[in-house]
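The following exercises concern a predicted model. Each task is followed by a solution in steps.

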Amino acid sequence: MAAENTGAGAYAAAGVDIAAGERAVDLMKRHVARTRRPEQVDDASGFAGLFRLDTAKYRDPVLATSTDGVGTKVLLAQQLDRHETIGIDLVAMVVDDLVVSGAEPLFMTDYVATGAVVPERIADIVGGIAEGCHRAGCALIGGETAEHPGAMEPHEYDLAGAGTGVVEGDAILGPDRVREGDALIAMASSGPHSNGYSLIRRIVDEADLDLFGEVPELGGTLGEALLTPTRVYAQDCVALTAEVEVHAYSHITGGGLAANLARSLPDHTDAHVDRGTWAPGPVFDHLAEKGGVDREDMEATFNMGVGMVAIVAEQDAERASALLAGRGVQAWRLGEVTAGSGNAVVTGEYRSA
């Protein structure tokens, strides 16, 4: 009678390659090392990430946490077989939510699930996550790679992450600080970021668009434009908060500019936004034209060129824009806060590119 297949051999026969997982860990180590912060504490077991909070730096430290994924943008990355930047998207979606509260991002953990562990592909994904953490100034202190044969095809994967930050208890930003007369300062997005990709993929399919085809107005192929990584605003927002009187931030993600901006307003105010202060950018024009999507639906789905909004005291408006520009972030006066009922009102026509 033949011996029963046991141990790693049985697991491999079920579709889980332990050796590939170990090689993926080895390949990603050099990426993760770039994100190290002095507060990290080594855990020899590797089962947890440890981080020593320097409480002497804070009077009343409050921890902030956020978790997110990248949505169906991962399907586009898989279709194009380009995996180096999708991790940057993940970090941006997490840390740029954290800074809305005024928190400095401290560390992140990630989770990658895949149908089959291909070490080089996993290293590319985690390399992107490490690059995003580097841009955000936070440490990547742990993560998990899970192989799910049968539940996912070998080329398929999904990823998620969680981040933690810290803010002084008396410095938490939000709607309660916003007042009439405040200025809205827009920070330019790098494109659709990581939102609206279900609609984008539908446009690509229904209009039979070639992801590998050159589109002159986009400066490259359509696929390259759509995979442009999400801008990471975290360190820019932390720097801005340290220098000017910031009352609130609004991270412009799913639902568009008006819906997200309204979340940062008290009930007795409105935010008035003038479309004439910016041009959304060629990728949005291209998607609207090829997909036959009207402006209302575009604005309810995409950031339309504005990835983050700072709500600042009127006297600091010019200084805020100048500080951001000095950090390489295109920024401009988007509008102002008035008396109202907690809504963001967008008026006018977009500026021509």
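**Exercise 1.** Determine how the residues of the lining of the second largest pocket divide into nonpolar, polar and charged.

*Solution.* Begin with the total: 19 residues line the second largest pocket. They divide into 10 nonpolar, eight polar and one charged. Next, locate the centre, to which Ser189, Ala279, Pro280, Gly281 and Gln330 lie nearest. Then consider the contributing elements: helix α10 (residues 282–291) gives the most to this lining, with three residues. Finally, the space in the pocket amounts to about 280 Å³.

**Exercise 2.** Identify the buried residues of helix α6 (residues 197–206) and state how they are placed around the axis.

*Solution.* With buried taken as under 20% relative accessible area, the list comprises Tyr197, Leu199, Ile200, Ile203 and Val204. These residues cover an arc of only 155° around the axis, and therefore lie on the same side of α6. The other side of α6 holds Asp205 and Glu206, which are exposed. The cover over the buried residues includes α3 (73–80), α7 (222–226), α10 and α11 (295–301). After α6 comes Asp208, with a positive phi near 55°.

Note on methods. Residues numbered from 1 in each chain as written. Predicted model: local features only at pLDDT ≥ 70, side-chain atom pairs only at ≥ 80, totals over all residues. Heavy atoms only, no water. 1 Å grid on protein atoms, 1.4 Å probe; cavity = no way out; pocket = protein on both sides within 12 Å on 5 of 7 lines; lining within 4 Å. Points joined across faces, edges and corners; volume = space filled by probe spheres on them. Helix = DSSP H or I, 4+ residues; strand = E, 2+ residues; numbered from the N terminus. Nonpolar A, V, L, I, M, F, W, Y, C, P; charged D, E, K, R; others polar. Buried < 20%, exposed > 50% of the residue type's maximum accessible area, 1.4 Å probe, protein only. Arc of directions from axis to C-beta. Contact = heavy atoms within 4.5 Å.
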